[in-house]
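Let's take a walk through this one together.

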2 protein chains.
Amino acid sequence: MADERSRGVTITEIARVAGVSVPTVSRVVNGRADVAPGTRERIEELLREHGYRKRLPRPDGPAGSGLVDLVFNDLDSPWAVEIIRGVEDVAHAAGNGVVVSAIHRRTSSARQWLDNVSARATDGVIIVTSELAPSVHADLRRIHVPAVVVDPAGLPPLDVPTIGATNWAGGLSATQHLVGLGHRRIGFVTGPMQVLCSRARLDGYRAGLESAGVAVDPALVRDGDFYQDSGFRAGEELLDLADPPTAVFASSDQMAFGVYEAVRRRGLRVPEDVSVVGFDDLALAAWASPPLTTVRQPLAEMGALAARTVLGLARGEQADNPRVELATELVVRESTAPPRG
Amino acid sequence: MADERSRGVTITEIARVAGVSVPTVSRVVNGRADVAPGTRERIEELLREHGYRKRLPRPDGPAGSGLVDLVFNDLDSPWAVEIIRGVEDVAHAAGNGVVVSAIHRRTSSARQWLDNVSARATDGVIIVTSELAPSVHADLRRIHVPAVVVDPAGLPPLDVPTIGATNWAGGLSATQHLVGLGHRRIGFVTGPMQVLCSRARLDGYRAGLESAGVAVDPALVRDGDFYQDSGFRAGEELLDLADPPTAVFASSDQMAFGVYEAVRRRGLRVPEDVSVVGFDDLALAAWASPPLTTVRQPLAEMGALAARTVLGLARGEQADNPRVELATELVVRESTAPPRG
């Protein structure tokens, strides 16, 4: 372990002495081009003077920082806290700290985050949703940091273990529930169609109708983007139809709440006039009025499995299965009832 | 900086070689009693052999790990993510990672968390709500880790900088809003009364009534605990009164959603039959149906200020003000209207 004893001074300390940011020192350490020559020279001098040695990857042992990085595009979603809880449970039990970051979909922010990941020698990275540029995955490989993607959005990169949920089966079970109550005109609000899980949920909805011998009416399928506003607009469009649906299946809970609001604005009621089903089972689904029937994604379990997987990779193990989908489950509450009539 | 160069081997590495957990090594390093003698001896031998030196506190400089710890009782609240976002914004900009933990109100978990904080030499700790035992604060002082409490619950420990919100003023403004709409019978649902912010909100409600010349009717004040169920029960009790209120002010958004459900169950409507006001302004307040009028606590700003404060303390600065209350603000949406006729 002699090589580690000489690691000593940290990038943070060098940055303080040099009067520059940690990412700047990290860029010099990692041989990146985007540092002014004078600054680079000064930092290199300090690195030599203080005997800094770059941390070497040790694929045969634990990485040793006791940290796991968990990165989101944005920390603006109520499901973020459910994933954090799952990751934290497992990491905490293994003595690891969970470093939570948001990269705000900005390339510059992703680059700084990579520098920070490099500087703190994290044991592994859990990326939530896969909107990070492919170059980020290449960079992580270059600095020998294992990565796992938790991907409720369902667009996995090609060479990284991914943990998702059974979106198609969830779409099917929600639709079968509504058909079983007697609904035949069932509206559907999609997620963003560039995201695979949106297609899977839509296909599950279609399969649920077709297996019951109900034809799919394209007029009942409306575009959404997972956010509340789009559910509200889709709900208004559906209720404006000459032959409106008696039930609406929104492919996120937030959009289902938008449908609630479209129903309320017309003086109608959920579920007496319109049944509504969501997708996710956020904590707030149970607090809605009426409590929302929805397809549960096991977000905390997905986070926990991601933590176990990335800690295993950090120990040099292989992921058992690079593509895992955990089961979704229909949770029936009070927003669904037989159609009037 | 010679003292830091010899820091070298980490507790994590020693734990791996010794075949014990990181917290166990940390306990030995910190001279704690709860380690079996044989294990202690073996670990002490390894620490000597590998030249481990305990990290020395450096009150005059940055602590240097580049990490800030953010600890919650539980990661079960939708407001957790808002505080995380505020802390992460500031810490990220300063090149620091944010380690998020939950201690689950268990003493054993708090102890392990302290060991982990010690092992990763965090620069500072942000504690959300103050239900941690006073001994935790003593332990943090002992290992020279600065702490700040973000305390929407309002029960500050005596000697730690605390960041809260103006709960009394929030209670006042919500009540004045309802009085201004013409309401005279206004129900109130309290938070847990052992928590100071609950008392401040209740006192603001009373002040709002009294300043309008409306007598406080104790029958209109009902106990809650901030969770949805208690708001539902309180709402039912209030609607059962012979002379029920025309408006209900619940001192958390979650309880306001419970009141919504009590109103819905009777076939009544918000706001046509009963106006409802919440407290917090969680993201979901805007998604509720109808969108909820509520008192906004600036949770992200509270997190951001906590991060700035603790990073300042880590640099050896004094907190400008050990007790900061950020302003609350009434956000009027669609759940409030004049009382019926």
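Let's start with chain A: buried residues account for 60% of its 341 residues, where buried means under 20% relative accessible area, exposed over 50% and partly exposed in between (1.4 Å probe, protein chains only). Keep in mind that this is a predicted model, where local features need pLDDT of at least 70 and side-chain atom pairs count only at pLDDT 80 or more, while totals for chains, interfaces and linings use all residues. For bookkeeping, residues are numbered from 1 along each chain as its sequence is written, chains are lettered from A and ligands numbered from 1 in the order in which they are written, and side-chain values use heavy atoms, with hydrogens and water left out.

The accessible surface of chain A is about 13100 Å², with 52% of it belonging to carbon and sulfur atoms; such areas come from the Shrake-Rupley method with a 1.4 Å probe, and for residues only the protein chains shown count as cover. Chain A has 13 helices and twelve strands. These are DSSP runs numbered from the N terminus: helices are H or I with at least four residues, strands are E with at least two. Take the contacts in chain A (heavy atoms within 4.5 Å) between residues at least 6 apart in sequence, and 72% of them join residues at least 24 apart.

How do the two chains relate?

Now zoom in on helix 10 of chain A, residues 228-240. Its 13 residues reach 19 Å from first C-alpha to last, close to the 18 Å expected, that being 1.5 Å times one less than the number of residues. Its buried residues include Phe232(A), Leu238(A) and Leu239(A). What do the buried residues of helix 10 of chain A pack against? In chain A, they meet strands 6, 7 and 8 and helix 11, and from chain B comes helix 12 (283-287).

Over in chain B, look at strand 9 (residues 275-280), where six of six residues are buried. In a regular strand the side chains alternate between the two faces of the sheet. Here Ser275(B), Val277(B) and Phe279(B) are buried on one side, and Val276(B), Gly278(B) and Asp280(B) on the other.

Strand 9 of chain B pairs in the parallel sense with strand 8 of chain B over three bridges; pairing takes at least two DSSP bridges. Val277(B) is the bridge partner of Phe249(B). Strand 9 of chain B is also parallel to strand 10 of chain B (residues 293-296), over four bridges, and Gly278(B) stands opposite Thr294(B) there. Strand 10 of chain B in turn runs antiparallel to strand 12 of chain B, joined by three bridges, with Thr294(B) partnering Val331(B).
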